[in-house]
Amino acid sequence: MQRLSVKEARLPEAIGQQVRLSGWVRTRRDSKGGFSFIEINDGSSLGNIQIIADGDLPNYESEIKHLSAGSSLTVEGEVKQSGGKGQATEIQAASIVMHGTADPESYPLQKKRHSFEKLREWAHLRPRTNTFGAVMRVRNRISRSIHDFFQGEDFLWVHTPIITASDCEGAGEMFRVSTLDPANPPKDDKGNIDYARDFFGRASYLTVSGQLEGEIYATALGKIYTFGPTFRAENSNTSRHLAEFWMVEPEVAFYDLTDNMELAERFLKRIVSDVMADCAEDMQFFQDRIDNTTFAKLEKVTEGKFQRVAYTDAIDILEKSGQEFEFPVAWGHDLQAEHERFLTEQHFESPVILYNYPATIKPFYMKVNDDAEPDRPTVRAMDVLTPGVGEIIGGSQREERLDVLEDRMRQQDLNLDDYWWYRELREFGTVPHSGFGLGLERMVQFVTGMANIRDVIPFPRTPGSAEF
Ligand code: 4AD
Ligand code: MG
């Protein structure tokens, strides 16, 4: 007797085997002939498998005829060729053990389809739905592809800290771990100052990006990447922002901006082709049920080259577009979602890499372009924009010249002492280097066509949500 997953038992190769399967009931249908069809799912695939339970099973009347959506069971029996449409196999049950019932009166996931908004209230049950099962399998495949890609190119995975003292983006969007409020320090039961609860008396925060620590390792070991949770204390309630999200950040010594763009493009192509090859059933579901432009958008990634457009040229295109934008287009302003949409969905109809942004709208660490027009200083930034989601990657070549870096830090009112170790990387054996960050959830959104970022992460953290 072999234990199989539903996914395995659905394959024609399984026909003839004696197997044991476990899962949750999706539907039960009783036939007039005194037997029942039960469909179960165990999360291993989108598709269910049908069990045929004959009336002479000892618990047929007492249990099997009471199985309803959400109840759980283990079946033993033979895999048979199925006569039914859309399924290769089915299980002829020799025994069914029921583990738990689910009262149809109170179990929320009945046949009726619920909105994604409603399902967010049931973060503990929504993984049992088709959509969330498919999202989680694709999210997992993307995560694996990220590691496969970088490991295959000899990058080292570096575990950068979650608790940190440095503000990578210099935007003050960090959640504080320690309060360090001298007027009101945390106290223990005896009234003593409890430094353990205040990160040992050091100012510290949840990281917004592992980049700065990643640079330490890239400038010693060559090619590295980080992959982990990052945090942003921005109060944005949009379909593309989370307060806690996962980011993958490669950083490479001796790479310039062009090398960086090539890496980003190769990387995205690899993820998309892995998902298309290994998650075919789930991807067909997204194409049919969530967004029927999904396949066309993904094809633009795997085939052909990404458009590379200098920021200044993009502004030109937007100004000449004849579009009425809500936010005015002007050199020196950051692009808004509507501008990104126009470029990717209407003008180029493909992913676009925008580069050489105005220095004033980008963080201190980006390399200054010496050949920019004097009244329009730019830095070697690059953002990858995709149709539907907009920015999924942000990156740059880094400023490796200590004096230029320090000037930029002063311009942005940063305290140079806070970044003493980052400056020392430029003092001792400085090298050109580059890197970028891909937001995992934005990538999952792009690949699946899911409209809201809250629906591509198991437990979304947004302003005001932390029930689970
Ligand atoms: O553009 P960002 O802020 O860049 C950085 O953090 C750099 N330090 C990365 C680097 O060069 N190593 O963020 C990078 C990506 C964005 O393009 C976006 O995909 C995602 O992270 N991102 C978010 N995803 C969800 N919610 C948010 N609040 C996000 N902020 C950024
Ligand atoms: Mg960005």
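Below, the chat goes from the overall layout to the sheet, the ligand and a few single residues.

Me: What kind of model is it?
Reply: It is a predicted model.

Me: How many helices and strands in the chain?
Reply: The chain has 12 helices and 16 strands.

Me: And what does the C-alpha trace span along its principal axes?
Reply: About 85 × 65 × 45 Å. Of the 468 residues, 38% count as buried.

Me: What percentage of the contacts join residues at least 24 apart?
Reply: The figure is 69%, taken among contacts between residues at least 6 apart in sequence.

Me: How is the chain divided into domains?
Reply: Domain 1 covers 2–100. Domain 2 is 128–161 + 243–455.

Me: How many residues are in contact between them?
Reply: 5 residues of domain 1 contact 7 residues of domain 2. On the domain 1 side, the residues that touch domain 2 are 2 nonpolar and 3 polar, with no charged ones. The C-alpha centres of the two domains lie 45 Å apart.

Me: Switching to the sheet. What is the strand order?
Reply: The order is β7-β10-β11-β16-β15-β14-β13-β12. That makes 8 strands in an open sheet, with mixed pairing.

Me: Which strands stand at the edges?
Reply: β7 (156–157) and β12 (307–310). Each has a single partner strand, so one side of each lacks a neighbour in the sheet.

Me: Is β12 parallel or antiparallel to β13?
Reply: Parallel, over 4 bridges, with β13 spanning residues 352–358. Arg308 stands opposite Ile353 in β13.

Me: What about β11, how many bridges to β10?
Reply: There are 9 bridges between β10 (residues 223–231) and β11, and the two run antiparallel. Lys223 has Val252 in β11 as its bridge partner.

Me: And how many join β11 to β16?
Reply: 5 bridges, again an antiparallel pair. Here the bridge partner of Glu251 is Gly435 in β16.

Me: How many residues of β11 are buried?
Reply: 8 of its 10, so β11 is mostly covered.

Me: Which strands does α5 lie across?
Reply: Helix α5 (residues 257–278) lies across β11, β12, β13, β14 (378–386), β15 and β16. Against β16 the helix runs at about 30°.

Me: Now the ligand. Which residues come nearest to ligand 1?
Reply: Ser209, Gln211, Gly394, Gly437 and Gly439, out of 21 residues around ligand 1.

Me: Which elements supply at least two residues of that shell?
Reply: β11 (244–253), β15 (390–397), β16 (433–439) and α12 (440–448) do. The largest share comes from β15, with 5 residues.

Me: How does the shell around ligand 1 divide by class?
Reply: Into 7 nonpolar, 8 polar and 6 charged residues.

Me: Phi angles next. What about Phe254?
Reply: Phe254 is not a glycine, yet has a positive phi of about 70°. Phe254 sits in the loop between β11 and α5.

Me: Why does Phe254 count as partly exposed?
Reply: Because 13 other C-beta atoms lie within 10 Å of Phe254. Buried would take 20 or more, and exposed means 12 or fewer.

Me: And Asp413, where is that?
Reply: In the loop between α10 (402–411) and α11 (420–427). Asp413 also has a positive phi, about 60°, although it is not a glycine.

Me: Is Asp413 buried or exposed?
Reply: Exposed, with 8 other C-beta atoms within 10 Å.

Me: Where is Met409?
Reply: Met409 is in helix α10. With 20 C-beta neighbours inside 10 Å, Met409 counts as buried.

Me: Which residues does Met409 touch?
Reply: Leaving out residues up to four places away in sequence, Met409 touches Phe364, Leu414, Leu416 and Tyr419. Pro351, 58 residues from Met409 in sequence, is 32 Å away, C-alpha to C-alpha.

Me: Last one, Asp371. Which loop?
Reply: The loop between β13 and β14. Asp371 is exposed, with 6 other C-beta atoms within 10 Å. The C-alpha atoms of Asp371 and Val301 are separated by 31 Å, and the two residues are 70 apart along the chain.

Conventions:
Residues are numbered from 1 along each chain as its sequence is written. Chains are lettered from A and ligands numbered from 1 in the order in which they are written. This is a predicted model: local features need pLDDT of at least 70, side-chain atom pairs count only at pLDDT 80 or more; totals for chains, interfaces and linings use all residues. A residue is near a molecule or strand if its C-beta atom, placed from the backbone, lies within 6 Å of it. Ala, Val, Leu, Ile, Met, Phe, Trp, Tyr, Cys and Pro count as nonpolar, Asp, Glu, Lys and Arg as charged, and the others, Gly among them, as polar. Two strands pair if DSSP finds at least two bridges between them. Two residues are in contact if their C-beta atoms, placed from the backbone, lie within 7 Å. Axes are lines fitted to C-alpha atoms, for helices over the stretch in contact, and angles run from 0 to 180 degrees between N-to-C directions. Domain bounds come from an automatic or database domain assignment.
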